[in-house]
Protein chains: 2
Amino acid sequence: MAAKSRFVLQRLFNGLRTQSLWLQSSKSTSSQGRPSSLSFRTHTCGELRSDHVGDKVTLCGWVQYLRQDLFVILRDFTGLTQILIPQEESASGLKSALCDLTVESVIQVTGTVRLRPSGQENKGMPTGEIEVLAENVEIFNICQKLPFEIKDFVKKSESLRMQYRYLDLRSSQMQQNLRLRSQVVMKMRDYLCNVQGFVDVETPTLFKRTPGGAKEFVVPSREPGMFYSLPQSPQQFKQLLMVAGVDRYFQIARCYRDEGSKPDRQPEFTQVDIEMSFVEQAGIMSLVEGLLQHSWPPEKGPIKVPFHTMKYEEAMRDYGVDKPDTRFNMKLIDLSEVFSASDVEFLRSALSKPGGTVQAICVPGGANLFTGKTLDELKQAAKTQFGQRPLLGHLRLQSAQLLESSGVTLRDPSAFHFLWVVDFPLFLPKEDKPEELESAHHPFTAPLPEDSQLLYTEPHKVRGQHYDLVLNGSEIGGGSIRIHKAAEQHHVLKNILKEDTTLLSHLLEALDSGAPPHGGIALGLDRLISIMVGANSIRDVIAFPKSFRGHDLMSRAPDSLSEEELNAYHISVKWPTKHERCEEDERK
Amino acid sequence: MAAKSRFVLQRLFNGLRTQSLWLQSSKSTSSQGRPSSLSFRTHTCGELRSDHVGDKVTLCGWVQYLRQDLFVILRDFTGLTQILIPQEESASGLKSALCDLTVESVIQVTGTVRLRPSGQENKGMPTGEIEVLAENVEIFNICQKLPFEIKDFVKKSESLRMQYRYLDLRSSQMQQNLRLRSQVVMKMRDYLCNVQGFVDVETPTLFKRTPGGAKEFVVPSREPGMFYSLPQSPQQFKQLLMVAGVDRYFQIARCYRDEGSKPDRQPEFTQVDIEMSFVEQAGIMSLVEGLLQHSWPPEKGPIKVPFHTMKYEEAMRDYGVDKPDTRFNMKLIDLSEVFSASDVEFLRSALSKPGGTVQAICVPGGANLFTGKTLDELKQAAKTQFGQRPLLGHLRLQSAQLLESSGVTLRDPSAFHFLWVVDFPLFLPKEDKPEELESAHHPFTAPLPEDSQLLYTEPHKVRGQHYDLVLNGSEIGGGSIRIHKAAEQHHVLKNILKEDTTLLSHLLEALDSGAPPHGGIALGLDRLISIMVGANSIRDVIAFPKSFRGHDLMSRAPDSLSEEELNAYHISVKWPTKHERCEEDERK
């Protein structure tokens with residue numbers, strides 16, 4: 001083989017960006033398990049080094065790259081190995097078998113590990129010191145035409161990625177995301193089970209509809225007119241498990257939420273669901289801090305506990321939102337007093353309203369950077385959201401994004417700012433009927449002990465023992481100490497929330513049968529992992545996510561069913577009239 | 001306090017059977033975690049010993065037992081502690097608070113650990129050397145009237161247990177079952193993730209209906225006429241993950257199966273779902289043996305690997321069933337030759353049929369033990385099941401049960417006999433149309449390599465690379481090496497099974513895009529744990545099971561929905577006519 005052409009090809013290959021990405025992933029998986037046991041291979045594609053020179057090895061994997069008649073680059077989940085195609089006449093059968101391969105075909109190669117010729121090592125590749133001289137090949141599957149190349153740098157449309165998810169998942173980034181998720185969850189379980197004595201209990205997903213459960217999918221049973229519901233969380237079960245004396249429960253729980261046509265929501269998602277007996281708010285918060293510290297990937301840097309805590313009131317006052325991004329300052333400044341005697345009509349009008357304020361955000365460098373179109377965007381946002389509660393919080397975030405897109409360094413992308421937000425109001429006025437109250441979170445949250453008498457006199461003033469966990473401005477968890485007395489729970493449901501208590505009679509009965517004080521939390525696993533890996537969307541940390549509109553583009557779900565299939569469930573489709581269709585389209 | 005009355009009470013209490021059961025459970029949990037961290041208590045009710053004498057402790061729990069004005073026996077998930085009620089006049093408030101408690105009320109007690117008076121220790125109780133002299137009590141919840149006592153020896157009807165499941169779960173047996181299940185699953189994950197390098201990947205449950213998926217629940221979407229299905233297993237996803245290069249996947253997966261009115265089935269159940277690339281049948285079998293050995297509870301005794309392997313043909317010949325209970329002998333004996341020249345008409349007629357045989361089971365001692373009613377039962381079973389394939393297998397088991405109920409020791413209840421059954425036929429004639437074939441397991445199973453050409457000539461003769469795992473005569477798992485070539489899969493689906501291949505076009509496309517050879521298995525977790533703990537039903541190892549008819553008796557699910565709720569999903573109930581109702585009732 002001509003040393004020169006070999007050198008040129010080597011350089012060409014070295015230039016591929018895929019390589020450096022595979023390098024990262026091979027690092028994080030190499031310490032895991034024994035991936036070659038029980039399998040056809042003797043080694044993985046990421047593990048051969050100069051120590052292996054002279055060894056006869058068997059590798060299995062995908063053809064990542066194939067160059068003329070010289071090299072096959074073989075890939076598995078741990079990395080890449082260069083296979084040298086023998087050039088002797090006596091190996092012509094082997095040579096032509098290898099040279100006929102298409103990219104992404106699946107093969108098994110047996111050969112001998114040798115050092116690459118001096119000067120042709122690739123320091124950027126973990127296996128770059130060696131190559132494997134092929135002696136035998138078994139071709140498992142020839143890859144037919146692909147809809148896109150399996151290269152991280154090849155941009156694909158989101159819908160193409162979803163349609164061919166099994167190819168999209170071959171990218172090093174998606175492999176890393178799925179593997180990191182698995183490892184984090186494993187460490188969480190280790191902490192909860194082995195360190196803190198929690199019991200992993202599975203709870204049903206075919207359940208009864210819950211009061212106000214408008215977002216619950218329904219599942220027809222074979223009894224005419226009778227339906228299960230897929231619950232949004234195991235809330236009732238976790239509380240019942242505390243009544244049952246389980247003491248410490250957790251579950252990595254599949255949850256369902258039907259948000260109809262709301263975009264970018266997953267109809268099914270996963271939460272780390274936790275409940276404890278004989279505990280106060282501080283105990284749950286310490287537990288979660290310990291949990292995250294224990295399971296945090298070392299390569300993401302250590303996280304400091306305890307996390308900062310902020311009262312809801314303070315969050316709303318300083319950040320205009322209940323989930324502040326504390327990676328940057330730019331707090332809201334109340335200027336109401338300054339303008340208390342103002343003559344400007346719209347300021348006077350704002351201040352004269354109940355709770356009306358005038359507030360400012362100081363954007364450093366904004367005077368220079370925010371001009372023309374940028375300024376118009378901000379004004380437009382202010383106009384359309386005027387009078388809505390989180391307006392200033394949105395403007396603060398929008399300003400930060402505008403600053404960053406102008407090149408200002410504001411938020412460190414590798415920083416993780418955890419924050420507890422506490423002392424939420426227990427009830428809020430209903431949006432459509434402000435004279436009635438609804439739960440700020442859910443009806444099972446206990447009031448702060450010092451506010452509990454207000455439940456019977458001024459419920460709108462009651463603060464709840466609720467805590468939200470915020471990471472970089474995203475809510476990643478929420479929980480509360482629950483009401484454990486039947487009479488108090490009954491009062492909240494019936495007198496304050498005006499709910500039909502018969503739907504929850506089993507829970508009320510349970511509270512009267514020896515319920516311990518208890519509380520818990522649920523962490524949104526998809527969101528947490530997506531922030532951890534810096535993904536743009538939770539779809540990048542879910543193996544088979546649904547599209548924006550809740551479709552599985554690969555299998556084309558949801559799908560139509562035959563009348564016979566529907567008959568078994570005693571349902572029929574009620575096709576909307578043309579008029580109803582138009583109305584629905586308008587609402588979207 | 002009169003020493004004598006105290007002694008009498010102590011004896012009374014010692015007699016309760018609950019105690020010995022709690023003793024067992026406290027043993028298995030005491031090594032787990034730190035159950036008192038983060039909590040109100042300083043210790044659990046099961047951990048105090050004479051070493052703690054003089055310590056001031058705080059315990060939380062349920063009032064298990066209360067006797068006159070002397071003792072409160074406090075229970076938590078670890079065991080029981082005797083609380084001594086102070087008798088001094090100065091403690092009258094505390095005394096009356098404790099004496100007014102009802103059984104199953106929840107309290108917190110602070111007091112000092114002291115030795116019990118000499119001669120009054122209880123050696124059968126782990127905390128029987130000590131008692132805690134109460135100094136302070138906080139009453140969290142007074143238990144109102146209970147539907148049944150929380151004592152293991154109190155028999156409750158199954159429906160009462162289900163309706164008040166949160167009380168039923170307080171029994172020591174159910175606590176043990178749930179905690180053992182959690183620990184076994186944790187060790188399984190440890191083995192798969194940390195020892196064998198598997199990746200825990202969550203797959204969706206809202207999916208598209210699968211061919212022949214008549215047992216799949218349907219979930220209406222908000223698009224008129226479009227439905228998701230809840231799949232019976234992640235079969236397609238696990239194979240797609242292999243195509244995606246995940247290499248080793250596992251999931252403790254929730255699965256759904258709608259068997260309508262078939263009794264004693266759970267509509268949702270859990271399987272340990274495993275798939276591997278570049279592996280043969282022997283590799284999966286070794287993996288599962290290692291998995292079970294690693295996760296087997298030490299107190300159940302060690303299990304020996306490798307497990308025995310038996311061919312399907314041999315199982316059918318010797319045991320008359322494909323999941324033989326090998327804990328006892330009593331194999332079937334073929335007597336066809338003996339009777340080949342028989343004059344007895346029914347024997348001649350049996351032998352003249354294709355595949356007709358005359359077989360016997362030798363029941364040791366049967367001649368003496370099987371008389372009158374017993375013999376009639378056997379005859380009746382033989383008559384009603386005559387001509388059905390597993391008749392002799394059933395008779396063998398029935399004979400074993402009859403022997404055991406006559407007091408013969410046949411099967412060791414603490415023995416665990418694992419068995420692999422292999423070389424199943426790939427296809428079986430359809431029950432209703434014997435001239436057509438259906439998959440013996442599922443359409444993705446690969447043929448034995450030596451039989452693969454028969455797929456195109458005599459498919460009914462093909463044996464599959466399928467393996468079932470049997471434990472004590474119950475099938476607890478099944479798996480196979482899968483077809484990884486699109487053309488072969490297409491042939492099986494289209495030409496042999498006559499399925500609509502468009503429903504699986506995504507899978508066929510995936511096989512053409514670089515699919516590795518792969519295989520896997522699914523273990524039925526509920527069944528496995530129920531055999532492990534010796535439960536009568538899988539309902540005893542599931543926290544909130546459904547009733548025989550698929551109902552949740554606690555919450556009363558499934559339930560009716562309002563027309564408004566159904567309108568959102570564009571469905572309406574098709575009430576059956578009176579005639580249809582009668583027909584359905586007859587089928588049940």
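Start by colouring the two chains separately: 138 residues of chain A are in contact with 138 residues of chain B (heavy atoms within 4.5 Å). This is a predicted model in which local features need pLDDT of at least 70 and side-chain atom pairs count only at pLDDT 80 or more, while totals for chains, interfaces and linings use all residues. Residues are numbered from 1 along each chain as its sequence is written, chains are lettered from A in the order in which they are written, and side-chain values use heavy atoms, without hydrogens and water.

Now show the surface. About 12,000 Å² is buried between chains A and B, with carbon and sulfur atoms giving 56%; this is the accessible area (1.4 Å probe) lost on putting the two together, summed over both.

Next, select Arg209(A) and Glu565(B), whose side chains meet in a salt bridge at 3.6 Å, N to O (a Lys or Arg side-chain nitrogen within 4 Å of an Asp or Glu carboxyl oxygen). Between chains A and B the count is 14 salt bridges.

Click Val573(A) and you will find Ile571(B) as its bridge partner.

Finally, stay in chain B for a closed barrel of 5 strands, running 1-2-3-5-4 with mixed pairing. Within chain B, strand 2 (71-76) and strand 3 (79-84) pair in the antiparallel sense over 6 bridges, and Asp76(B) stands opposite Gly79(B).

Technical notes:
Pairing = 2+ DSSP bridges. Helix = DSSP H or I, 4+ residues; strand = E, 2+ residues; numbered from the N terminus.
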